[in-house]
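These are my notebook entries on a single structure. I set down what I looked up and what I found.

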Amino acid sequence: MDNSSEGKANSIEEVVNVAEFEAIAKRKLPKMAYDFYASGAEDQWTLRHNKIAFSRIRLRPRVLVDVSKVDMSTSVLGFKVPMPIMVAPTALHKLAHPEGELATARAASSVGTIMVLSFSSSYNLEEVAGASSGLKFFQLYVYNDRKIAESLVVRAENAGFKAIVLTGDTPRLGRREADIKNRFTLPPNVTLKNLEGLMSVELDESKGSGLEAYASNTMDRSLSWKDIGWLKSITQLPILVKGVLTGEDASLAINAGASGIIVSNHGARQLDGVLPTIVALEEVVNAVQGRIPVYLDGGVRRGTDIFKAFALGAQAVLVGRPVIYGLASDGQAGVEKVLKLLSDELELVMSLCGCCSVDDIKPSHIDRASDFF
Ligand code: FNR
């Protein structure tokens with residue numbers, strides 16, 4: 001649909017775009033692991049439309065601009081990065097590769113960008129902190145036992161993580177039907193390693209997805225905006241709220257003291273039928289009015305997607321599944337190649353649109369008259 005060359009690469013060497021990594025990963029991974037990574041919630045409408053919505057936005061390039069030097073660098077929460085592309089927090093990288101999050105962290109560090117480590121990682125946060133000197137943020141879920149979050153936030157700060165990313169869209173797990181059918185569970189060598197010593201984790205897959213059953217017993221469904229105050233009382237780190245899709249919630253995030261917002265629908269794994277993130281972005285940006293930075297994830301697969309997100313007001317993007325597919329295909333080198341392909345593509349589209357820096361990317365680079373709007 002949006003990637004005519006999808007699935008044609010037989011080996012890493014042949015890969016020319018990010019989408020091609022998926023076919024390699026699919027061939028390599030057990031079905032349960034691939035389905036866990038790939039699937040979205042229910043009918044997967046939002047999963048498809050995260051990508052379709054990008055493809056419906058047309059560009060308005062400017063020509064005869066001196067683009068002999070194109071600089072993609074930006075700063076995220078004051079940290080300078082050479083590219084505006086971060087690694088989104090995704091669970092259980094060891095299902096993709098034995099080196100799991102260690103390899104992902106090394107890859108992010110080697111290209112100079114930020115990794116957001118998932119709460120549900122398969123190496124613990126101290127191990128991942130020790131794997132590379134690169135910049136890292138820690139993504140937080142809040143369980144019924146608040147002491148777990150408190151302990152992990154303190155550990156993350158001590159280990160050198162530079163921000164807490166509070167995921168706001170997961171009071172319960174979305175219904176991922178492939179996981180239900182596969183009776184998703186963890187192989188013996190993979191655990192939710194951050195929780196070791198804090199609680200025992202047992203997945204009951206007898207009635208469907210073991211993860212869904214586990215989450216329904218552990219996630220604190222009472223978590224609300226006032227708890228940002230609680231988080232701020234236990235950490236000095238800036239807090240990003242992930243999962244915002246409306247102007248109303250963007251305003252609440254600012255009032256609660258968030259340092260930034262990630263427009264995200266959790267890779268379409270939570271509530272099916274929600275807006276594609278690139279569609280939701282504009283409303284959030286309008287509500288925020290430049291007071292805090294707005295980032296975006298969901299369906300970013302091309303440099304043009306990143307460019308479109310910037311034109312609509314995002315200040316960086318994050319990528320989830322492409323990183324996992326790169327990891328499954330070729331470990332650290334695979335993740336590096338994914339991030340490099342995206343940044344090379346962004347550099348090209350900036351050059352072809354007449355933009356020498358990310359600040360040059362403006363709403364006028366988007367065609368407002370298209371049927372999408
Ligand atoms: C996720 N995502 C996610 N988000 C989060 O806050 N904590 C988590 O542990 C996870 N785990 C996770 C696992 C897998 C397999 C996927 C695909 C996604 C959501 C993630 O951070 C991000 O929002 C999406 O992945 C972005 O969409 P794309 O790039 O995958 O289309």
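Which residues does H266 touch, not counting residues up to four places away in sequence? I found that H266 touches D169, T170 and G243. I took contact to mean that the C-beta atoms of two residues, placed from the backbone, lie within 7 Å.

**Entry 1: the model.** I noted that this is a predicted model, in which local features need pLDDT of at least 70, side-chain atom pairs count only at pLDDT 80 or more, and totals for chains, interfaces and linings use all residues. Residues are numbered from 1 along each chain as its sequence is written. I read pLDDT as the predictor's confidence in each residue, from 0 to 100. The protein chain averages a pLDDT of 95, and 97% of the residues score at least 70. Over residues 1-5 pLDDT stays under 50, and the model has 8 contacts for them beyond four places in sequence. For the complex, the predictor gives an ipTM of 1.00 and a pTM of 0.97.

**Entry 2: annotated positions.** I consulted the UniProt record, an unreviewed entry, and found "active site" assigned to H266. Positions are in the numbering used here, feature names are shortened, and the annotations may be inferred rather than shown by experiment.

I located H266 in the loop between β8 and α11. I used helices (H or I, at least four residues) and strands (E, at least two) as DSSP runs, numbered from the N terminus. H266 counts as buried because it has 24 C-beta neighbours inside 10 Å. The cut-offs are 20 or more other C-beta atoms within 10 Å of its own for buried, 12 or fewer for exposed, and partly exposed in between, with C-beta atoms placed from the backbone.

I then turned to R176, in the loop between β6 (164-167) and α7 (177-182). R176 is also buried, with 26 C-beta neighbours inside 10 Å. Leaving out residues up to four places away in sequence, R176 touches S39, A41, S209 and R269.

**Entry 3: the ligand.** I found 24 residues around the ligand, the closest being S118, T167, G267, G320 and R321. By class, the shell has 8 nonpolar, 12 polar and 4 charged residues.

**Entry 4: helix α10.** In α10 (residues 247-256), I found D249, A250 and A253 buried. They lie on the same side of α10, because they cover an arc of only 105 degrees around the axis. The arc is that of the directions from the helix axis to the C-beta atoms. These buried residues pack against β7 (239-244), β8 (260-263) and α11 (277-288). The face turned away from the buried side carries the exposed residues E248 and N255. G257 follows α10 and has a positive phi, near 100 degrees.

Entry 5: Most residues other than glycine have a negative phi. I recorded Q44, with phi near 60 degrees, in the loop between α2 (31-38) and α3 (45-55). Q44 is partly exposed, with 18 other C-beta atoms within 10 Å. I also recorded L77, with phi near 50 degrees, in the loop between β1 (74-76) and β2 (79-81). L77 is partly exposed, with 19 other C-beta atoms within 10 Å.

Notes: A residue is near a molecule or strand if its C-beta atom, placed from the backbone, lies within 6 Å of it. Ala, Val, Leu, Ile, Met, Phe, Trp, Tyr, Cys and Pro count as nonpolar, Asp, Glu, Lys and Arg as charged, and the others, Gly among them, as polar.
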